[in-house]
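Here is a short tour of a structure, written for reading alongside the model itself. Please keep the sequence and the coordinates open as you go.

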Amino acid sequence: MKRLLIAAAAACVALLLLALSALAFGHDPRELLAILVRGSVGSPFAIAGTLLKSVPLLLTGLSVAIAFRAGVWNIGGEGQFIAGALAGLLGARYGVIVSLLAAMLAGAAWASLATAMRLWRNAPEVLTTILLNFIAIHLLGWCVNGPLQERAAQYPQTDAAAATLPALGSVHFGVVLALAASIGSWWLLYRTAEGLRLRATGLNPSAARWAGIRVSAQLARAMAVSGAAAGLAGGIELLGVTHRLFERFAAGYGYAGIAVALLAQLHPLAVVASALFFGALTTGAGELQRTAGISSGVATLGQAVVILVLIGVDYVRTRR
Amino acid sequence: MLRLEHIGKLFGAHRAVDDVSLTLDAGTIVAVVGENGAGKTTLMRIAAGELAPDAGRVASRGGVALVHQHFVLVNELTIAENLALGIDFRFATRRALERRAEAVIAESGIALTNVQRRVEMLSVGEKSKLELIKAIATKPSTLILDEPTAVLTPHEAEELFRVMRRLAASGTAVTFISHKLPEVMAVAERVVVMRGGRLVLDTRASDTNAESLARVMVASPPSPPPAHERARGEVALDREGLVLHAGEIVAVVGVAGNGQTELAARLRDALPDAGHIPEDRTRDGIVAAMTLAENLALKASRWNPRAAAKHAETMIALYSIRARGPLQRAGDLSGGNQQKLVLARELERKPRVIVAAEPTRGLDLEATRFVHDQLRAAAANGAAILLITSDLDEAFALADALHVIYRKKLSERLGRAEAAARVGKLMAGVA
């Protein structure tokens with residue numbers, strides 16, 4: 001609880017620092033904050049935009065949180081997101097449910113490649129997952145320029161997926177799925193014996209092994225669930241928002257998930273709030289670009305500042 | 001020369017060093033031997049001025065250099081740069097540092113070449129040479145080495161002994177901590193034995209032998225023990241050359257570092273259903289960041305916070321764990337209470353086989369007695385217990401039969417009477 005309060009404070013500090021950065025663009029910090037707020041929650045349209053951005057962030061944030069809880073550094077959300085979307089596109093002809101299941105399976109499989117390399121050659125996940133990202137990005141690039149390119153063969157993109165997520169007002173059903181995933185992850189981690197063992201593995205793998213826990217099985221499972229969450233994010237983004245795949249489809253959601261999870265202190269329920277915060281920041285930054293001519297890169301800057309503030313707070317806390 | 005007078009040192013309630021007086025004379029090689037946790041390193045750190053004693057005083061003529069068991073080197077720097085650390089200089093070129101390092105090494109009489117190599121590229125043997133050179137470079141009148149041969153090949157160890165003898169011949173007081181009795185007998189002129197923080201023997205090396213040293217290190221085995229063979233049940237464990245029957249306690253004894261840790265780890269992997277009490281309880285026994293309730297539930301088939309808390313309260317009472325409650329962090333418990341927590345988790349499900357490694361190391365008397373009572377009770381209820389310990393008193397207090405482990409090899413099974421007669425020799429590897 002205390003850690004979450006600290007994280008919330010860190011988010012506020014990050015917002016203030018971000019506002020101060022307006023000075024560098026020749027703007028009033030108060031004006032920047034006002035536009036950010038208006039652009040993200042100032043109208044029903046803005047709120048819908050924030051929600052839509054938050055859904056993939058929530059799921060990739062969960063993905064990172066679950067893996068980190070088990071002590072695995074899954075930096076491969078981006079690749080698992082793409083793998084999920086590709087499988088989702090192929091599965092869409094059999095309907096939404098099959099498409100999303102395929103997306104989860106593909107995300108899990110892509111993440112499990114890193115587990116396999118860990119088990120066979122003791123290759124660290126930090127490296128393998130990030131390298132798998134590049135492979136996935138180029139695989140997607142090849143697909144949209146080759147076998148999966150639209151029938152018109154005009155742009156490097158696919159045809160629209162054969163299925164679409166049901167609408168829910170001005171957002172899509174993915175909002176419900178993401179919330180359910182968050183609650184489901186919380187239940188798995190904090191209300192089941194296997195979740196307890198997964199957390200023990202992350203906190204002290206050596207003691208976990210002595211307590212009879214099969215550590216490598218825990219790691220493999222955590223990685224698969226983590227990959228499934230990121231894959232689901234890709235599938236939902238495809239069926240709910242973009243409807244087709246193109247080269248820059250992943251748009252950094254996988255990496256942004258790291259910031260989301262860290263701000264949420266790796267707690268699956270807090271990930272909801274954290275994803276909303278970053279989702280709002282992203283939509284607000286879009287508004288900044290449109291009305292004030294400030295680069296929407298401000299959103300990425302915001303992510304970086306949050307992480308740096310959190311690291312700073314942790315540093316101060318552990319030094320005392 | 002260095003004189004320690006009535007030194008005492010407390011860590012919490014644990015008396016690490018208890019009223020020790022010792023004089024290290026110029027020109028003499030002294031070996032300090034004793035079990036893990038006997039207080040050797042603490043005493044030597046006090047001698048070197050790294051720790052302040054709670055009682056007594058340290059008087060030394062000239063400098064004291066202590067070479068730690070673990071390397072204290074900067075991996076990213078070169079040999080020359082590491083040797084320059086702590087030296088007062090204003091400005092030096094790389095070349096000047098290297099020339100100085102070569103001079104220091106030549107003076108030490110230890111062979112170490114290519115001083116521009118970074119430390120991370122060095123072999124373990126070379127790193128320990130560098131540590132030794134660093135210490136000698138300060139021209140100490142007293143040089144203390146903490147288990148200097150632990151990571152050396154026999155050849156490297158011989159080289160080290162030559163350097164130690166030469167330093168002693170030139171008037172340095174040389175002291176080394178060791179577990180290895182053969183090398184103690186080969187190198188030391190005087191042997192000091194510590195046990196439980198006290199100095200229990202101070203003798204000329206020529207007046208003793210490895211066997212009697214081993215016996216003093218781990219306290220004397222009791223005179224002919226009462227013959228009490230429990231009724232044997234069926235075979236519960238048959239592995240690694242160990243055969244255990246239901247209801248009996250068999251001890252594996254030996255000087256630490258003879259393969260006990262590896263044996264326990266192999267049994268852990270081979271026997272997932274057994275109860276395992278690891279020797280390093282803080283690292284392997286508990287998850288420090290989790291609560292008592294969570295730690296107790298690690299082997300459970302279900303997890304429900306409320307039920308787990310209730311269950312934990314029962315276990316806290318049953319195992320008299322001193323804790324604020326089931327939601328306290330396990331890492332905040334004292335060592336004895338952490339061990340009770342591990343016992344509670346491992347014994348609760350009444351496993352047929354229990355492997356307990358150093359179950360009372362570092363515990364106070366009351367906690368030790370509690371652990372022993374629990375193990376006896378488990379055996380009385382039909383569990384086969386393998387007790388891996390370097391504490392002979394403990395082995396004889398609990399075990400029906402003993403094996404000695406020396407250089408990763410187990411002796412045959414010894415009955416209590418036979419063990420009392422032979423265990424010292426077997427532990428020292430002189431049988």
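The report below goes through salt bridges, the chain contact, a surface patch and cysteines.

This is a predicted model, in which local features need pLDDT of at least 70 and side-chain atom pairs count only at pLDDT 80 or more, while totals for chains, interfaces and linings use all residues. Residues are numbered from 1 along each chain as its sequence is written, chains are lettered from A and ligands numbered from 1 in the order in which they are written, and side-chain values use heavy atoms, with hydrogens and water left out.

**Salt bridges**

Let us begin with the charged side chains. A salt bridge here is a side-chain nitrogen of Lys or Arg within 4 Å of a carboxyl oxygen of Asp or Glu. Over all chains, the count comes to 37 salt bridges.

| Salt bridge | N to O distance |
|---|---|
| D28(A) with R30(A) | 3.2 Å |
| R38(A) with E287(A) | 3.6 Å |
| R290(A) with E287(A) | 3.2 Å |
| R199(A) with E294(B) | 2.9 Å |

The pair of R38(A) and E287(A), bridged at 3.6 Å, links distant parts of the chain: R38(A) sits in helix α2 (residues 29-41) of chain A and E287(A) in helix α12 (residues 270-292) of chain A, 249 residues apart. Helices are DSSP runs of H or I with at least four residues, numbered from the N terminus. R290(A) and E287(A) share helix α12 of chain A, where they are three residues apart, about one turn of the helix.

E287(A) counts as buried because its relative accessibility is 15%. R38(A), at 46%, is therefore partly exposed, and R290(A) is exposed because it reaches 61%.

**Where the chains meet**

The contact, meaning heavy atoms within 4.5 Å, takes 17 residues from chain A and 24 residues from chain B. About 1,700 Å² is buried between chain A and chain B, and carbon and sulfur atoms give 63% of that area. L196(A), W210(A) and A211(A) supply 42% of the area that chain A buries against chain B, more than any other three residues. Buried area is the accessible area (1.4 Å probe) that two parts lose on being put together, summed over both. Between chain A and chain B the count is one salt bridge.

**A nonpolar patch**

Now for the surface of chain A. L127(A), L131(A), F134(A), I137(A) and Y255(A) make a nonpolar surface patch of about 450 Å². Such a patch is made of residues with over 30% relative accessible area and no salt bridge, its nonpolar side chains (Val, Leu, Ile, Met, Phe, Trp, Tyr) being joined within 5 Å. Helix α6 (residues 125-145) of chain A gives the most to the patch, with four residues, and L127(A) lies in this helix.

**Cysteines**

Finally, the structure holds zero disulfides over all chains, a disulfide being a pair of cysteine sulfur atoms within 2.5 Å. C12(A) is partly exposed at 49% relative accessibility, while C143(A) is buried at 8%.

Terms used
Buried < 20%, exposed > 50% of the residue type's maximum accessible area, 1.4 Å probe, protein only. Patch = residues over 30% accessible without salt bridge, like charges linked within 9 Å, V, L, I, M, F, W, Y side chains within 5 Å. Areas by Shrake-Rupley, 256 points an atom, 1.4 Å probe, with all protein chains shown as cover. Helix = DSSP H or I, 4+ residues; strand = E, 2+ residues; numbered from the N terminus.
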